[in-house]
Amino acid sequence: MHGPATTGWLLVALCAAAGAYCVLRMRSGVEEQRRAAGGEAVMGFGMAAMAVPAAALDQPDWMWPVYAAVFAAAALHSLWAARTGAHHLHHVVGALAMVHMSLAMTAAPAGHAGHGAAGIPLPTGVLLLYFAGYVLLSGARLLPSGAVAGGGTTRWGDRPELARACRLGMGIAMLAMLLTM
(Lines give C-alpha, C1' and ligand atoms only; values in the text may rest on other atoms or scores of the structure.)
Protein backbone atom coordinates (compact mmCIF):
# COMPACT_ATOMS: atom_id res chain seq x y z
CA MET A 1 0.00 0.00 0.00
CA HIS A 2 1.16 3.50 -0.77
CA GLY A 3 0.83 6.44 1.55
CA PRO A 4 2.13 7.09 5.06
CA ALA A 5 3.36 4.02 6.94
CA THR A 6 1.27 4.97 9.98
CA THR A 7 -1.90 4.85 7.89
CA GLY A 8 -0.89 1.48 6.50
CA TRP A 9 -0.25 -0.01 9.93
CA LEU A 10 -3.55 1.37 11.26
CA LEU A 11 -5.33 -0.27 8.32
CA VAL A 12 -3.50 -3.54 9.00
CA ALA A 13 -4.59 -3.43 12.65
CA LEU A 14 -8.20 -2.53 11.79
CA CYS A 15 -8.55 -5.20 9.12
CA ALA A 16 -6.83 -7.90 11.19
CA ALA A 17 -9.05 -7.10 14.18
CA ALA A 18 -12.13 -7.25 11.94
CA GLY A 19 -10.97 -10.58 10.52
CA ALA A 20 -10.36 -11.95 14.02
CA TYR A 21 -13.83 -10.87 15.16
CA CYS A 22 -15.32 -12.51 12.08
CA VAL A 23 -13.57 -15.75 13.04
CA LEU A 24 -15.25 -15.43 16.44
CA ARG A 25 -18.60 -14.86 14.70
CA MET A 26 -18.12 -18.14 12.85
CA ARG A 27 -19.02 -19.87 16.12
CA SER A 28 -22.57 -18.46 15.97
CA GLY A 29 -25.55 -20.75 16.20
CA VAL A 30 -27.05 -19.13 13.08
CA GLU A 31 -25.83 -20.85 9.90
CA GLU A 32 -26.23 -17.82 7.60
CA GLN A 33 -24.24 -15.67 10.04
CA ARG A 34 -21.46 -18.27 10.11
CA ARG A 35 -21.25 -18.25 6.30
CA ALA A 36 -21.17 -14.46 6.08
CA ALA A 37 -18.59 -14.28 8.86
CA GLY A 38 -16.31 -16.70 7.00
CA GLY A 39 -16.30 -14.55 3.88
CA GLU A 40 -15.78 -11.41 5.92
CA ALA A 41 -12.87 -13.04 7.79
CA VAL A 42 -11.15 -13.84 4.49
CA MET A 43 -11.74 -10.27 3.36
CA GLY A 44 -10.46 -8.78 6.63
CA PHE A 45 -7.25 -10.82 6.69
CA GLY A 46 -6.68 -10.29 2.96
CA MET A 47 -7.13 -6.55 3.34
CA ALA A 48 -4.70 -6.60 6.28
CA ALA A 49 -2.10 -8.39 4.17
CA MET A 50 -2.51 -5.98 1.27
CA ALA A 51 -2.42 -2.91 3.54
CA VAL A 52 1.06 -3.61 4.88
CA PRO A 53 3.09 -0.50 3.99
CA ALA A 54 5.39 -0.95 1.02
CA ALA A 55 8.26 0.57 3.04
CA ALA A 56 7.93 -2.17 5.66
CA LEU A 57 7.52 -5.17 3.40
CA ASP A 58 8.32 -5.11 -0.27
CA GLN A 59 6.02 -7.85 -1.50
CA PRO A 60 7.37 -9.88 -4.43
CA ASP A 61 5.86 -9.14 -7.84
CA TRP A 62 4.26 -12.60 -8.02
CA MET A 63 2.22 -11.92 -4.85
CA TRP A 64 -0.19 -9.47 -6.53
CA PRO A 65 -1.53 -11.99 -9.07
CA VAL A 66 -1.94 -14.46 -6.20
CA TYR A 67 -4.05 -11.89 -4.30
CA ALA A 68 -6.07 -11.28 -7.48
CA ALA A 69 -6.72 -15.02 -7.90
CA VAL A 70 -7.72 -15.50 -4.26
CA PHE A 71 -10.13 -12.58 -4.34
CA ALA A 72 -11.51 -13.60 -7.74
CA ALA A 73 -12.30 -17.00 -6.21
CA ALA A 74 -13.90 -15.24 -3.23
CA ALA A 75 -15.99 -13.12 -5.62
CA LEU A 76 -17.21 -16.24 -7.43
CA HIS A 77 -18.03 -17.92 -4.13
CA SER A 78 -19.96 -14.85 -2.96
CA LEU A 79 -21.77 -14.65 -6.28
CA TRP A 80 -22.85 -18.26 -5.84
CA ALA A 81 -23.96 -17.52 -2.26
CA ALA A 82 -25.90 -14.43 -3.45
CA ARG A 83 -28.69 -16.69 -4.69
CA THR A 84 -29.66 -17.21 -1.02
CA GLY A 85 -29.26 -13.61 0.18
CA ALA A 86 -28.64 -10.18 -1.30
CA HIS A 87 -26.06 -9.38 1.43
CA HIS A 88 -23.58 -11.52 -0.48
CA LEU A 89 -23.65 -9.06 -3.38
CA HIS A 90 -21.72 -6.63 -1.17
CA HIS A 91 -19.11 -9.37 -0.70
CA VAL A 92 -18.90 -9.71 -4.48
CA VAL A 93 -18.24 -5.96 -4.84
CA GLY A 94 -15.66 -6.04 -2.04
CA ALA A 95 -13.83 -9.01 -3.52
CA LEU A 96 -13.86 -7.42 -6.97
CA ALA A 97 -12.45 -4.22 -5.45
CA MET A 98 -9.60 -6.28 -4.04
CA VAL A 99 -9.05 -7.90 -7.46
CA HIS A 100 -8.98 -4.42 -9.00
CA MET A 101 -6.39 -3.20 -6.49
CA SER A 102 -4.28 -6.34 -6.93
CA LEU A 103 -4.28 -6.01 -10.71
CA ALA A 104 -3.42 -2.31 -10.43
CA MET A 105 -0.47 -3.21 -8.23
CA THR A 106 0.57 -5.91 -10.72
CA ALA A 107 0.62 -3.29 -13.48
CA ALA A 108 2.56 -0.70 -11.47
CA PRO A 109 4.03 -2.23 -8.28
CA ALA A 110 6.75 0.38 -7.84
CA GLY A 111 4.64 3.48 -8.33
CA HIS A 112 1.12 4.59 -7.76
CA ALA A 113 -1.24 2.20 -9.45
CA GLY A 114 -2.85 4.09 -12.28
CA HIS A 115 -3.32 7.56 -10.77
CA GLY A 116 -1.54 9.72 -13.28
CA ALA A 117 -2.29 12.99 -14.97
CA ALA A 118 -5.61 11.58 -16.20
CA GLY A 119 -6.98 11.43 -12.64
CA ILE A 120 -8.77 8.54 -10.97
CA PRO A 121 -9.55 5.58 -13.25
CA LEU A 122 -13.27 4.92 -13.79
CA PRO A 123 -13.40 1.56 -11.93
CA THR A 124 -11.65 3.11 -8.93
CA GLY A 125 -14.07 6.06 -8.95
CA VAL A 126 -17.10 3.76 -9.10
CA LEU A 127 -15.73 1.67 -6.22
CA LEU A 128 -15.01 4.83 -4.20
CA LEU A 129 -18.60 5.99 -4.68
CA TYR A 130 -19.99 2.58 -3.75
CA PHE A 131 -17.93 2.26 -0.57
CA ALA A 132 -18.58 5.89 0.45
CA GLY A 133 -22.30 5.17 0.21
CA TYR A 134 -21.86 1.87 2.03
CA VAL A 135 -19.95 3.54 4.87
CA LEU A 136 -22.57 6.27 5.25
CA LEU A 137 -25.41 3.74 5.26
CA SER A 138 -23.58 1.43 7.68
CA GLY A 139 -22.81 4.34 10.00
CA ALA A 140 -26.45 5.39 9.99
CA ARG A 141 -27.48 1.84 10.91
CA LEU A 142 -25.31 2.03 14.02
CA LEU A 143 -27.22 5.02 15.37
CA PRO A 144 -29.56 4.13 18.23
CA SER A 145 -33.09 3.47 17.07
CA GLY A 146 -34.72 4.24 20.41
CA ALA A 147 -35.57 0.73 21.53
CA VAL A 148 -32.87 -1.39 23.08
CA ALA A 149 -33.41 -5.11 23.41
CA GLY A 150 -32.85 -6.14 26.97
CA GLY A 151 -32.44 -9.24 29.02
CA GLY A 152 -30.36 -12.34 28.55
CA THR A 153 -26.75 -12.70 27.66
CA THR A 154 -25.71 -12.62 24.04
CA ARG A 155 -22.54 -14.32 22.88
CA TRP A 156 -19.91 -12.06 21.30
CA GLY A 157 -20.34 -13.79 17.95
CA ASP A 158 -24.09 -13.11 17.91
CA ARG A 159 -24.07 -9.36 18.59
CA PRO A 160 -25.49 -7.65 15.47
CA GLU A 161 -24.20 -4.21 16.44
CA LEU A 162 -20.64 -5.54 16.60
CA ALA A 163 -21.03 -7.22 13.22
CA ARG A 164 -22.28 -3.90 11.78
CA ALA A 165 -19.37 -2.02 13.37
CA CYS A 166 -16.98 -4.60 11.93
CA ARG A 167 -18.46 -4.14 8.44
CA LEU A 168 -18.30 -0.36 8.85
CA GLY A 169 -14.62 -0.57 9.78
CA MET A 170 -13.83 -2.75 6.78
CA GLY A 171 -15.77 -0.36 4.53
CA ILE A 172 -13.72 2.58 5.81
CA ALA A 173 -10.54 0.56 5.32
CA MET A 174 -11.57 -0.25 1.74
CA LEU A 175 -12.12 3.47 1.07
CA ALA A 176 -8.68 4.28 2.47
CA MET A 177 -7.04 1.55 0.42
CA LEU A 178 -8.73 2.71 -2.77
CA LEU A 179 -7.67 6.30 -2.09
CA THR A 180 -4.03 5.36 -1.48
CA MET A 181 -3.45 2.98 -4.37
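Me: Which residues are linked in a network of salt bridges?
Reply: This is a predicted model, in which local features need pLDDT of at least 70, side-chain atom pairs count only at pLDDT 80 or more, and totals for chains, interfaces and linings use all residues. A search of the whole structure finds two salt bridges (a side-chain nitrogen of Lys or Arg within 4 Å of a carboxyl oxygen of Asp or Glu). The network that links them contains Arg 25, Glu 40 and Arg 167.

Me: How far apart are the closest N and O atoms of Glu 40 and Arg 25?
Reply: Residues are numbered from 1 along each chain as its sequence is written, and side-chain values use heavy atoms, with hydrogens and water left out. For the salt bridge between Glu 40 and Arg 25, the closest N and O atoms are separated by 2.6 Å.

Me: Which elements does the pair of Glu 40 and Arg 25 link?
Reply: The two residues lie 15 residues apart, in distant parts of the chain. Helices are DSSP runs of H or I with at least four residues, strands are runs of E with at least two, and both are numbered from the N terminus. Arg 25 belongs to helix 1 (residues 5-25) and Glu 40 to helix 2.

Me: What is the N to O distance in the salt bridge of Glu 40 and Arg 167?
Reply: Glu 40 also pairs with Arg 167 through their side chains, at an N to O distance of 2.7 Å. This pair again links distant parts of the chain, Glu 40 in helix 2 and Arg 167 in helix 6, 127 residues apart. The N to O distance asked for is 2.7 Å.

Me: Is Glu 40 buried or exposed?
Reply: Buried means under 20% relative accessible area, exposed over 50%, and partly exposed in between (1.4 Å probe, protein chains only). Arg 25 falls in the buried class at 0% relative accessibility, and Arg 167 is buried as well. Because its relative accessible area is 3%, Glu 40 is buried.

Me: Which residues does Ser 102 touch, not counting residues up to four places away in sequence?
Reply: Ser 102 lies in helix 4 and counts as buried, at 0% relative accessibility. With contact taken as heavy atoms within 4.5 Å, Ser 102 touches Met 50, Trp 64, Tyr 67 and Ala 68.

Me: What distance separates the C-alpha atoms of Val 135 and Arg 167?
Reply: Val 135 has its place in helix 5 and is buried, with a relative accessible area of 15%. Leaving aside residues up to four places away in sequence, Val 135 touches Leu 168, Gly 171, Ile 172 and Leu 175. Arg 167 stands 32 residues from Val 135 along the chain, and their C-alpha atoms are separated by 8.6 Å.

Me: What share of the residues of the protein count as buried?
Reply: The protein has six helices and zero strands, and its elements run α-α-α-α-α-α from the N terminus on. Among contacts between residues at least 6 apart in sequence, 76% join residues at least 24 apart. Of the 181 residues, the buried share is 41%.

Me: In which helix is confidence highest?
Reply: The predictor's confidence in each residue is given as pLDDT, from 0 to 100. The mean pLDDT of the protein is 83, and 85% of its residues reach 70 or more. Confidence is lowest in helix 2, at a mean of 86, while the highest, 93, is found in helix 5.
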